[in-house]
Amino acid sequence: MAANRNSNRGSQRKIRYGLLSAAALMATVQFASAGTFTWNLAGGGAWTTGANWTGGTPTNLAGDVINLNNNITSAAAVTLSANQTMGIMNIGDSTTLFVAFTIGVNVGSTLNFDNSGSNSQLNKTGSGVTAADVIAAPVVIAGTAGLTLSNSSGSLLTLSGGITSTGTNSNLVINANGAGGITLSTTAINITGTITNSGAGTGLATISAAIGANVAQITENSTTGSGLTITGAITTSASGLIFTQTNGTLTINAGLLTAAGTVSLQGTGLNAAFAGITGAGNITTNGTSTITTNGTQTYTGVMQNGTG
């Protein structure tokens, strides 16, 4: 009996010690949360070096706010060496004389935009002529509420690393709200969602990169004087692709159109020119839209006018 009582007391002490140890551990663990991080160098450097940021090394979390909009005195090449996650990025030299930021990348690293259920943002800041900033790193829409690209300045914002997505409803909105435009170049745009140009400024949106098969609809809805120009090759899925011109001017002077599904042009006076057309998907236009092509054709689908 005495041995049993001693054994029970030992077991109880072990349980108490275990609970105290667990409580102490919980008290010392601090769970990381999204924060705001501002570049503090006068030029370029490595993204992952904590001393380069006010606020320390970015936590790489959904909802982080990244500010690359301090006063820089020489062209700033900010280099990624690993994937980085954020909800909002603000970019653009804040003070004259303006010089440019470029976000470069080692092979395999991406900028992942996830704003914890809210719309993610990539904003070129400033008003008037600043400097032409470049996002050369691949961009991934990783959140559930899409990504908005905005440029309020008078200078160009270029994304040359491509834009993809990891989920559905990864819609892309382009807002050139100043005289500077927004250009998507070089590497393909292939998001599972839609692309809408709805800027309120005079700057133009240009897509010279190829447009991939996951894009479902492209809409021009900017103010008069702005517009969207598409010059890259276009590939559709079996679900097809809709072009819509609501406001502004949608200019399609594209490369090869590969139509696996129906391509629909909707909008008054919407004219599209392609270097060539291939595939078996149908092409439909409304009564005032036209399609022209200059290259060798292997297209086997049906073109129909008057359905819009």
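This is a short tour of a predicted model, stop by stop, with what to select at each point.

Residue numbers start from 1 along each chain as its sequence is written, and side-chain values use heavy atoms, with hydrogens and water left out. Because the model is predicted, local features need pLDDT of at least 70 and side-chain atom pairs count only at pLDDT 80 or more, while totals for chains, interfaces and linings use all residues.

**Stop 1: the tryptophans**

Select W39, W47 and W53, which form one aromatic cluster. Two aromatic pairs turn up in a search of the whole structure. (Rings of Phe, Tyr and Trp, the last by its six-membered ring, pair if their centres lie within 6.5 Å; planes under 30 degrees apart are stacked, over 60 edge-to-face, and the rest tilted.) The ring centres of W39 and W53 are 5.0 Å apart and the planes stand at 85°, so this pair is edge-to-face. W39 belongs to strand β1 (residues 36-39) and W53 to strand β3 (residues 53-54), so the pair ties together parts that are 14 residues apart in sequence. Strands here are DSSP runs of E, at least two residues, numbered from the N terminus. Both W39 and W53 are buried, where buried means under 20% relative accessible area, exposed over 50%, and partly exposed in between (1.4 Å probe, protein chains only).

**Stop 2: strand β4**

Now select residues 65-68, strand β4. V65 and N67 point one way, I66 and L68 the other, and all are buried. In a regular strand the side chains alternate between the two faces of the sheet.

β4 runs parallel to β1, joined by three bridges; two strands pair if DSSP finds at least two bridges between them. Here T38 stands opposite N67. β4 also pairs with β7 in the parallel sense, over four bridges, and L68 stands opposite I91 in β7.

Keep L68 selected and show its surroundings. Neighbours within four places in sequence aside, its contacts (heavy atoms within 4.5 Å) include W39, W47, W53, M89 and F101. L68 is also one of the residues with the most contacts inside the largest nonpolar core, along with W47, M89, L111 and F243. That core has 58 residues; a nonpolar core is a set of buried Ala, Val, Leu, Ile, Met, Phe, Trp, Tyr and Cys residues joined through side-chain atoms within 4.5 Å. Its largest share, five residues, comes from strand β25 (residues 249-259).

**Stop 3: strand β10**

Move to residues 120-124, strand β10. Four of its five residues are buried, so β10 is largely enclosed by the rest of the structure. Strand β7 (residues 88-91) pairs with β10 in the parallel sense over four bridges, and I88 has Q121 as its bridge partner. β10 also pairs with strand β13 (residues 147-151), again in the parallel sense, over five bridges. N123 stands opposite S150 in β13.

Next select K124 and D133. Their side chains meet in a salt bridge (2.6 Å, N to O), and the structure holds one such bridge. The term means a side-chain nitrogen of Lys or Arg within 4 Å of a carboxyl oxygen of Asp or Glu. K124 and D133 are both buried.

**Stop 4: G154**

Finish at G154, in the loop between β13 and β14 (157-159). G154 is partly exposed, with a relative accessible area of 27%. Residues up to four places away in sequence not counted, G154 touches G128, V129, A179 and G180. Its C-alpha atom is separated by 9.0 Å from that of A132, 22 residues apart along the chain.
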